[in-house]
Amino acid sequence: MHGALSRSACKLALFGVLLLCAARDGASVPQRGMLFPRESASRELKELSGLWDFRADQSPGRSLGFDSAWYKSRLAETGPVIDMPVPASYNDITQDPKLRDFIGWVWYDREVVVPARWVADKGTRVVLRVGSAHYYSVVWVNGVKVMEHNGGHLPFEAEIGDIIRENPQAPCRITIAVNNTLTLETLPPGSIQHMDDTSKYPNGYFVQNTNFDFFNYAGIHRPVLLYTTPKVYVDDITVVCFLCISGLVSYKVSVLGASTTNVKVTLTDKHGRCVASSSGPSGVLKVTDVNLWWPYLMHDNPGYLYSMEVHMTTADESVAYEDIYTLPVGIRTVRVTSTQFLINNKPFYFHGVNKHEDSDIRGKGLDWPLIVKDFNLLKWLGANSFRTSHYPYAEEILQMCDRHGIVVIDECPGVGIKDIRSFGNASLAHHLDVMDELVNRDKNHPSVVMWSVANEPAAEMPPAGFYFKMLISHTKALDPTRPVTFITDSNYARDKGAPYVDVICVNSYFSWYHDPGHVEVIPIQLTNQFENWYGKYQKPIIQSEYGADVVPGLHSDPPMMFTEEYQKIVLQSYHKVFDQKRKEYVVGELIWNFADFMTAQGSVTRVVGNKKGIFSRQRQPKAGAFILKDRYWRLANETGRLPPWNKYPCLL
Ligand code: GCB
């Protein structure tokens, strides 16, 4: 980054960021429910997606926005602004390399017309919700700070009714400042390096270092919206499913705003028929002739969802409140043995992909055409699963997984933890908070079958054993119904986390990073990898990453690295070993990666991004995609149920 910062100003700015983070931790709001906003007879929504005004704070200390209180008036009144789409990363929207590689605070604002009834009715809560913004956010409404959030991939919200009611005639101005600086205690971690040698760098020059392999896209990445609830409202719902002869759905509803309320819960099937009901804030619903939630290609009718309507009523003095929230519920169980991963007590084999939220122009911004295209590609491929490498994905994506029966390993942003200082108490405390937020957000998705607490941390470092013991036991306590893993590299001897996980997930790149060009070593090295891990831990294993870069359209025979033929032969060599070991204890294979994705320019091994996709970044198949498609449909044929309408569907 070419900062115009003086070294001291720069240090000050970053120190300021750190201080702000520390202050925020102390001031953090106690965790509440984080139900996905849905319309109902008692709830309304107003989407705030579209164009916002935007300005990056290019001042030397990056602190001009705070010093000059840009949140007190429209951004356009305090300086130049540009149009910025929300949701989207801001990095690739303009032609300006300074904005693409910007480090520090950027500012967004817009005015919103709030429906008059929301303002007039004091019995209505008006909630401002941000689906996610990367990385640290501060939010003001009409110049009043309403919330801060530490972390780039999870939602945050605040009730703003009182503020907008102070001046009901005025438009409601929302200002959001977002800072993408990564420190040793953020997730993912990073560090700022000051380049002091003035014979090589301009004064005040600094760079953001990271240890992960994707571009640190920033901005407001997911939808911003206003929604309403009554003053007494359903704050959270937790469902857990069991199977006896019937399906059992145990539920817990938390209501805020009144001490005594009536709660009625009704479960209806796809045809709107009531299949079970109950009263009270917790209980068990018994579903006879249950339609279980099955993964795609494991059943004729995958992704079956019931609707659970929670109806809350209360009487507060003279006012009666009523709130209705409907949660989609898939009834399924998950369990692991020493050799199997079981869904509804049947062996499940992951044949899937690793993804990124990444595309041209939008970066990591939520984009419906892209989401639907990716699901169509997953189905075309015969993939039944993916891992949310390397951070929690949008809830809208998990809802698609629920509906289509795509199984998810849900990963937190614990990627690139390589510096020993990132294993300290502050980092651990933040990591535990992130797991709280993640489990709280995603606990009711039937598609989510396992939590991943980190990707390839420096597990050989002395503090790693304690760190992962705490992290994994905390996650298991949050959710005793799902297995927990972290993703490790192939060196089993150094691993300090594996004793605590339920499933061993291993990444390896034989014939790529190790013995480049020598595909003939894959059978022996991969077989040993599996035997070593299983021999040591006797836990089921997923090959959570493997692959090879391909520049689309590059060919050579005999195969050479970076050609389509080389990716093909790497995949085929891995598959031969998978086919032996899946008869024993290997329970899955996830290709790295679904599609090419953008990376930082910090490495000469990346040619405009990581090219290990089986699809290009524009979602066109490479030769490897056809190899996987044949394999995944063959696996589905062996281990599951192909859709009755087509054995090898070409149009989905
Ligand atoms: C890995 C990482 C992933 C990288 C990949 C690669 O082990 O988990 O983030 O992108 O290797 O291509 O190097």
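Strands (E, at least two residues) and helices (H or I, at least four) are DSSP runs, numbered from the N terminus. Val-144 is found in one of them, strand S8 (residues 144–150). This is a predicted model: local features need pLDDT of at least 70, side-chain atom pairs count only at pLDDT 80 or more, and totals for chains, interfaces and linings use all residues. Residues are numbered from 1 along each chain as its sequence is written, and side-chain values use heavy atoms, with hydrogens and water left out.

**Val-144**
- Val-144 has a relative accessible area of 36%, so it is partly exposed (buried is under 20%, exposed over 50%, partly exposed in between; 1.4 Å probe, protein chains only).
- Leaving aside neighbours within four places in sequence, Val-144 is in contact (heavy atoms within 4.5 Å) with Val-139 and Ile-163.
- Tyr-71 lies 73 residues from Val-144 along the chain, and their C-alpha atoms are separated by 8.0 Å.

- Five of the seven residues of strand S17 (residues 262–268) are buried.
- S17 pairs with strand S18 (residues 274–279) in the antiparallel sense, over five bridges; pairing takes at least two DSSP bridges.
- Thr-268 has Cys-274 in S18 as its bridge partner.
- Five residues sit between the two strands of this hairpin, and Gly-272 in the turn has a positive phi of about 80 degrees.

**Helices H12 and H13**
- The axes (lines fitted to C-alpha atoms over the stretch in contact, with angles from 0 to 180 degrees between N-to-C directions) of H12 (residues 564–581) and H13 (residues 623–639) come within 8 Å and cross at roughly 25 degrees.
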